[in-house]
Amino acid sequence: MNFNRMPRCLLLLKLFFIGSIQASSILSANEINIYNGDDYTSHSFVEYPQWVDPTIKDNTEALKVGTLEFKFKTNSRSCILLFANDGITSNGETERNQLQLSLVQAGGLKAEFNMGHMDEKSSKEVTIGNRWNDMEWHHVIVTRNYRQVTVSIDGEEGVMVSFGDEDHLKLTAHVRIGGFETSSGFSGCIKDVKYGSGSGTKVQYPRNTKGKVREGCFTECPRNIRNKCKNGGKCLRYFDPDDECKNCQCDCSLTGFSGETCSVEDPIGYLQDKQYITTITESLRSSRVNHVQFRFRTNQPSGLILYHGKSSEYLLIELVDGNIELEMFLETDKISLRLGSGQFHNGEWHSVLVKRQGDKVMLKVDERTIEKVFKYTPQLTCEGQHSKFLFIGGHQNPNSLPKRLNGRKNFNGCLQQVFFKVDGRYQNEERDILQRSSYSNRFRVEGGAINTNSCPVFEQYIRPVEPTTTVTTTQKTDPAVHTDAKRPTFSKNVDPHVEDGKMKTIPVESHSMGPKNRLSQSTVAWITGGICVGSIALILTLACGFYFLRKRYSGQFSAQYKAAAAARGIYQDMVPVDYHATYQGQQPNGHPKRPKASVIL
């Protein structure tokens, strides 16, 4: 043995273990951050083990059937998401067996494969949905079943079938997620990577990484720049792992401000009487994702804020009795949501966010959120007289709209930061609708020019009523909850200090003295009965205790008294005569005399 080589061997072994420890934080991570930058030149990706084990023999089901799944989150517009092949090139250019998933320009998921050859029969592709780059987690499942490959994302499927010579995909090379050396890479996060041959799957961990790959998901800004966003703006990181975070940006949504640091106040539109805005929204004919957001401020308890669609398919948002109500009817299913405690017309700014993604609808007002799910996954197809228009702030005939209300009025108050988002992008997304309406021909303002200089709405105190919750009008609901046929009555909750939507000037202390603070007759009766029952129980307890104490100690006291009296001779005549006459240490019956008990007086 050459002992001179031992130190070098030990050094190499030490370096190997250090490298393994440093890599374990990434290679064993379930959630991984991949960053390729805005120029997509970093070529960062993660390499996983083979999907198909090359040691499996041909003509076995495990070689021809398998499932792969993972989850991703990204804002990348166009990139390679997943790539796998057989590692064999034909004429040094293309692979014979290849599977690739990518995001195309519109954010759709494009799946394509070659099964043995590059001809029309063996090469297939399909594109599923759009706007999957919306910074939300999405679940992808790829299934191999002989000639058929099925790709689904969040339940939406695309099927590809090969009619070539080969009857299955031979993917014996390593699986790469995020791109490869010569591709435009993906910036985002991946997690829950699982796949296997045959019917089973198991969790997979990276075997190799390249570029800016880190453990976790970098969506929160570093502390040193987290406070750069002003006026309630939120700092977003967009997966940049560097501490200086050149890609960090401020999200100024629903703050009333914009700009790089949310320090520029956005214009305000003051609508009154019959003023409203209309715009064309042809792209809403078929959509999977809808977002609506705006800020409002008003003193009026009711008013139509937004309407889109027709009587059979529509989206309607309005203020009713100081609460925000939303109703969406798609195909044959309708969802109604109501949120508030009757105070949203208090003259303060309130923010509203509505989000539909597939079959889920969410309504958020300020910090309160409710959500409901459609029975089916609908598509919002807009046809008819008003299907191509979006009405903001009112309508020429508000009483003709769905949920027919007698006396429905247009919104009277201030709006700010109004955005209508279609399939992940905002309508005219460079500016909000109020800003665009002042100079763009795509918008029409009815009822005269809108005041954008000030908001003459003042704060006022409004007593809250019981908060409301989610309502689905297509299902059986509580009779107390309103439906289209009969609206709720608030006789028990109406503020006596409000008349016709106008506030009386009253001190806040006047609410402390009212009928609601008085005890009812039934409550008084229960309290009186409880006091009586408790008193009787206490008397019985004391009486029983005194009785048992007297019974226990009465005999003992009597015996002690008699013993003391006998010692003094009080009961001497009661003792037999022969006892005194023959007392010589013996009792008359011949037994030894018992000693006298010592009595302490």
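Since the model is predicted, local features need pLDDT of at least 70 and side-chain atom pairs count only at pLDDT 80 or more, while totals for chains, interfaces and linings use all residues. Residues are numbered from 1 along each chain as its sequence is written, and side-chain values use heavy atoms, with hydrogens and water left out.

The sheet comes up here with helices (H or I, at least four residues) and strands (E, at least two) taken as DSSP runs, numbered from the N terminus. Two strands pair if DSSP finds at least two bridges between them. Gln-50 has His-174 of strand 13 as its bridge partner.

A salt bridge here is a side-chain nitrogen of Lys or Arg within 4 Å of a carboxyl oxygen of Asp or Glu, and a search of the whole structure turns up 11 salt bridges. In one of them, the side chains of Glu-47 and Arg-207 meet at 2.5 Å, N to O. Glu-47 lies in strand 2 and Arg-207 in the loop between strand 15 (202-203) and strand 16, so this pair ties together parts that are 160 residues apart in sequence. Buried means under 20% relative accessible area, exposed over 50%, and partly exposed in between (1.4 Å probe, protein chains only). Glu-47 is buried at 7%, whereas Arg-207 is partly exposed at 43%. Salt bridges link Glu-47, Arg-176 and Arg-207 in a network. Elsewhere, Lys-170 and Glu-166 form a salt bridge at 3.7 Å, N to O, with Lys-170 partly exposed at 28% and Glu-166 partly exposed at 24%. Another salt bridge joins Glu-446 and Arg-444 at 2.7 Å, N to O.

Charges turn up over rings too, the criterion being NZ of Lys or CZ of Arg within 6 Å of the ring centre and within 35 degrees of the ring normal. The charged end of Arg-144 sits over the ring of Trp-51, 4.5 Å from its centre. Lys-191 lies over the face of Trp-137, 4.3 Å from the ring centre.

As for ring against ring, rings of Phe, Tyr and Trp (its six-membered ring) pair if their centres lie within 6.5 Å; planes under 30 degrees apart count as stacked, over 60 as edge-to-face and the rest as tilted. The count comes to eight aromatic pairs. Tyr-276 and Phe-391 make a tilted one, at 6.3 Å centre to centre and 50 degrees between the planes. Tyr-276 lies in strand 23 (residues 276-280) and Phe-391 in strand 32 (residues 389-392), so the pair ties together parts 115 residues apart in sequence. Tyr-276 is buried at 8%, and Phe-391 is buried at 4%. Phe-296 and Phe-411 have ring centres 6.4 Å apart and planes at 85 degrees, so that pair is edge-to-face. One aromatic cluster is made up of Tyr-276, Tyr-307, Tyr-314, Phe-329 and Phe-391.

That leaves the cysteines. With a disulfide taken as a pair of cysteine sulfur atoms within 2.5 Å, there are six disulfides. Counting bonded cysteines along the chain, their pattern is 1-2, 3-5, 4-8, 6-7, 9-10, 11-12. Cys-221 and Cys-235 have their sulfur atoms 1.9 Å apart, and with -85 degrees about the S-S bond their link is left-handed. Both Cys-221 and Cys-235 are buried. The disulfide of Cys-245 and Cys-248 is 1.5 Å from S to S; the torsion about its S-S bond is about 85 degrees, so this disulfide is right-handed. Cys-252 and Cys-262 are joined with their sulfur atoms 2.0 Å apart, and the torsion about this S-S bond is about -90 degrees, so the disulfide is left-handed.
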